[in-house]
Amino acid sequence: METRKVLLRSLNPYITCYVCKGYLIDATTVTECLHAFCKTCLLNHLSTNVTCPKCEIVIHQSHPTNYIMPDRSLQDIVYKLVPNLFRNEMERREAFHKKHGLPFDNPLNITESDANASSSSANENYHRFDEHVTVWLRPDHTMEPIKCPFICCSWQTTVAHLKKLLAKTIYGDLARFKDFDILCNHEIMGKDHSMKFIYRTRWRNMRPPLELYYRKHIEI
């Protein structure tokens with residue numbers, strides 16, 4: 001397969017902040033329109049406005065900050081694309097904390113042994129430090145409610161994971177996960193849909209928690 005080089009400047013419209021014109025730092029997305037900005041830039045804007053800085057859509061008349069969310073996936077992409085951006089940002093934060101006498105664990109100062117220990121710990125605590133969402137699993141009229149319908153899970157959790165949870169909880173048998181349909185706003189969700197995808201594309205105008213309904217599977 002032929003390798004194609006892409007100039008960084010051609011990606012700038014997707015990885016820069018509309019407010020400060022710099023590369024995104026602590027990328028934060030408006031759930032209403034999915035435009036992303038630096039967290040500080042967006043919060044400063046929303047301190048006196050209720051609209052998106054870019055498209056000017058009204059986010060919320062009284063509590064716009066309830067409808068924004070961190071986008072770590074986008075931020076990871078920005079750090080990987082822009083040389084030294086992560087290093088420069090961490091050094092800037094370290095200098096700020098030092099100036100004000102505040103503690104700061106600079107990840108750039110982690111030794112190899114510390115990194116290995118951290119990696120081992122991360123593997124043992126998979127998704128613990130990932131973005132999370134609260135899901136409310138509600139039955140339709142054909143099903144009984146489960147004992148613990150509220151679940152705090154990773155953005156990366158998929159519909160298939162929730163189906164297996166329901167199968168284990170209701171039937172005590174993981175193999176019966178195909179016996180369920182999961183819906184959001186009356187639309188059946190695909191088994192590979194993540195909670196992040198559903199929240200941003202199907203639940204985008206609603207308040208948390210993310211409400212998902214489950215029912216017995218219906219062949220279509």
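View 1. The model is a predicted one, in which local features need pLDDT of at least 70, side-chain atom pairs count only at pLDDT 80 or more, and totals for chains, interfaces and linings use all residues. Residues are numbered from 1 along each chain as its sequence is written, and side-chain values use heavy atoms, with hydrogens and water left out. Helices (H or I, at least four residues) and strands (E, at least two) are DSSP runs, numbered from the N terminus. An α-helix has 3.6 residues a turn, so residues three or four places apart point the same way. Arg87 has a relative accessible area of 42% and is partly exposed, and Glu91 is partly exposed at 38%. Here buried means under 20% relative accessible area, exposed means over 50%, and partly exposed lies in between (1.4 Å probe, protein chains only).

View 2. Glu89 is buried, at 7% relative accessibility. Look around this pair and you will find a network of salt bridges linking Asp26, Glu89, Arg92 and Arg93.

**View 3. Asp71 and Arg200 join in a salt bridge.** Their closest N and O atoms are 3.0 Å apart. Asp71 sits in the loop between strand 3 and helix 3 (72-81) and Arg200 in helix 7, so the pair ties together parts that are 129 residues apart in sequence. Both Asp71 and Arg200 are buried. In total, the model has eleven salt bridges.

**View 4. Helix 2 has a buried side and a face turned away from it.** The buried residues of helix 2 (residues 39-46) are Cys41, Leu42, His45 and Leu46. They cover an arc of only 125° around the axis, so they lie on the same side of the helix; the arc is that of the directions from the helix axis to the C-beta atoms. These buried residues pack against strand 1 (27-30), strand 2 (36-38) and strand 3 (68-70). On the face turned away, you can find the exposed residues Thr40 and Asn44.

**View 5. The largest nonpolar core has 24 residues.** Such a core is a set of buried Ala, Val, Leu, Ile, Met, Phe, Trp, Tyr and Cys residues joined through side-chain atoms within 4.5 Å. Val135, Leu137, Met195, Leu210 and Leu212 touch the most other members. Among the elements that give two or more residues to this core are strand 4 (132-139), helix 6 (159-171) and helix 7 (195-201). Helix 6 gives the most, with four residues. Apart from this core lies another, of 23 residues, among them Ala27, Leu46, Ile68 and Val78.

Key: Contact means heavy atoms within 4.5 Å. A salt bridge is a side-chain nitrogen of Lys or Arg within 4 Å of a carboxyl oxygen of Asp or Glu.
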